[in-house]
Amino acid sequence: MSLYRLARPFLFSLDAENAHQLALRAAGLAALFSPPVERKPVRAMGIEFANPVGLAAGLDKNAEHIDALAALGFGSIEVGTVTPRPQPGNAPPRLFRLPEKEALINRLGFNNVGLGSFLDNVRRTRWNGVLGINIGRNADTPPERAIDDYELGLKQAYPHASYVTINISSPNTTGLRNLQQAGQLEALLERLTRLREPLAERHGRRVPLVVKVAPDLSGGDIQAMADALRRHGIDGVIATNTSVARDGVEGLRHAGEAGGLSGAPIRARATEVLRQFAAALKGEAVLIGAGGIMSAADAAEKIDAGAALVQLYTGLIYRGPELVAECASAFRAK
């Protein structure tokens, strides 16, 4: 039995957010008992990933545990979401387990230390692997000024990031998902891609831009977004973030809590959105599969749907660090 399986009953006896923080602090110890992850290089977005299995944003919001998490064998680590100014997020309790379905509901609300302290943490990191920085807007930024927050985030994160993810799909910041709508998305992408040109010249390298999308999009939404992403030369798409739907968890304790649902119940829907983006983008952007990956078979499903890379979050809560090596094996078997 793995160390994590022994520790999980204790962690699950704690408040979910407290357990989250304790597990982060213990990540370095967990790495000593985790199975090794075979090096399986993948080249995507002009970057070489040591293996295709990445950590999704949201686990290490403040970039405080990069070195310890990297020791678990991830081929990439995405930190954030970070906003220009510090903010506490929503009032607790704001993270809930639904263990019967291997799911979580969170309404954390981009709680983070702000760009200044966040980047100080990044600078202290010794790991030199692939680092994604996930940027968002402050909750109190007026919707008409939202793009200003993303511009500031991109400008400051750019020198430190292997790639930058534009998070417009969290359900926990009022109005954020409106940025997925055609007119607002067009304006956002136009300004960020235009800003990238002088940044690339100043820093001597072109940092890929990735957009993280919701699983709750219609087919028409997906096609419209894909067209905009192609027009603006966006390098990658993470499909998907958490869901506002409650399919598969109806009637369970905490199922009625506001927030985004993640884990096994959203796997099929997230994979279908991924598949539709693959068809619409026709290879013009790298696809990163996320949402409901609880096993090697789930990772293989994302690959078959068009993903070049995958990301884990909720699966780690339920399965532990051994899931990283398992999912890497799915790529070997392809």
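By class, 26 nonpolar, four polar and two charged residues line the largest pocket. Here Ala, Val, Leu, Ile, Met, Phe, Trp, Tyr, Cys and Pro count as nonpolar, Asp, Glu, Lys and Arg as charged, and the others, Gly among them, as polar. Keep in mind that this is a predicted model, where local features need pLDDT of at least 70, side-chain atom pairs count only at pLDDT 80 or more, and totals for chains, interfaces and linings use all residues. Residues are numbered from 1 along each chain as its sequence is written, and side-chain values use heavy atoms, with hydrogens and water left out.

To find that pocket, select Y4, L11, A23, L24 and P321, which lie nearest its centre among 32 lining residues. Its volume is about 600 Å³. For the bookkeeping: on a 1 Å grid over the protein atoms alone, a pocket is an open set with protein on both sides within 12 Å along at least five of seven lines, a cavity is a set of points where a 1.4 Å probe fits but cannot get out, and lining residues have an atom within 4 Å of a point. Grid points are joined across faces, edges and corners, and a volume is the space filled by probe spheres set on the points.

Now colour α1 (3-13), α2 (16-25), α3 (27-32), β5 and α11: each supplies at least two residues of the largest pocket's lining. These labels are DSSP runs numbered from the N terminus, helices being H or I of at least four residues and strands E of at least two.

Stay with β5 and show its side chains. Which way do they point? L95 and R97 go one way, F96 and L98 the other, and all are buried (under 20% relative accessible area with a 1.4 Å probe, protein chains only; exposed is over 50%, partly exposed in between).

β5 pairs antiparallel with β6 (residues 103-106) over four bridges; two strands pair if DSSP finds at least two bridges between them. Look for R97 across from L104 and L98 across from A103. The hairpin has four residues between its strands, and E102 takes a positive phi near 50 degrees.

Zoom out to the open antiparallel sheet, ordered β5-β6-β11. β5 (95-98) and β11 (260-263) each have a single partner strand, so one side of each is left without a neighbour in the sheet. Neighbouring strands here are turned by 25 degrees against each other on average, direction ignored. (Axes are lines fitted to C-alpha atoms, for helices over the stretch in contact, and angles run from 0 to 180 degrees between N-to-C directions.)

On to the barrel: eight parallel strands close up in the order β3-β4-β7-β8-β9-β10-β12-β13. Zoom in on β12 (residues 286-289), which pairs with β13 over two bridges; G289 has V310 as its bridge partner. Then select α7 (residues 182-203), which packs on the sheet, touching β8 (163-167) and β9 (209-213), at about 155 degrees to the direction of β9. Contact means heavy atoms within 4.5 Å.

What is enclosed? The largest cavity holds about 450 Å³ of space. Select A57, K212, N241, T242 and Y313, the residues nearest its centre out of 34 in the lining. By class, that lining has 13 nonpolar, 19 polar and two charged residues.

Last stop: H20, Q21, K61, N62 and N111, nearest the centre of the second largest pocket, with a volume of about 170 Å³. α2 gives the largest share of its lining, four residues.
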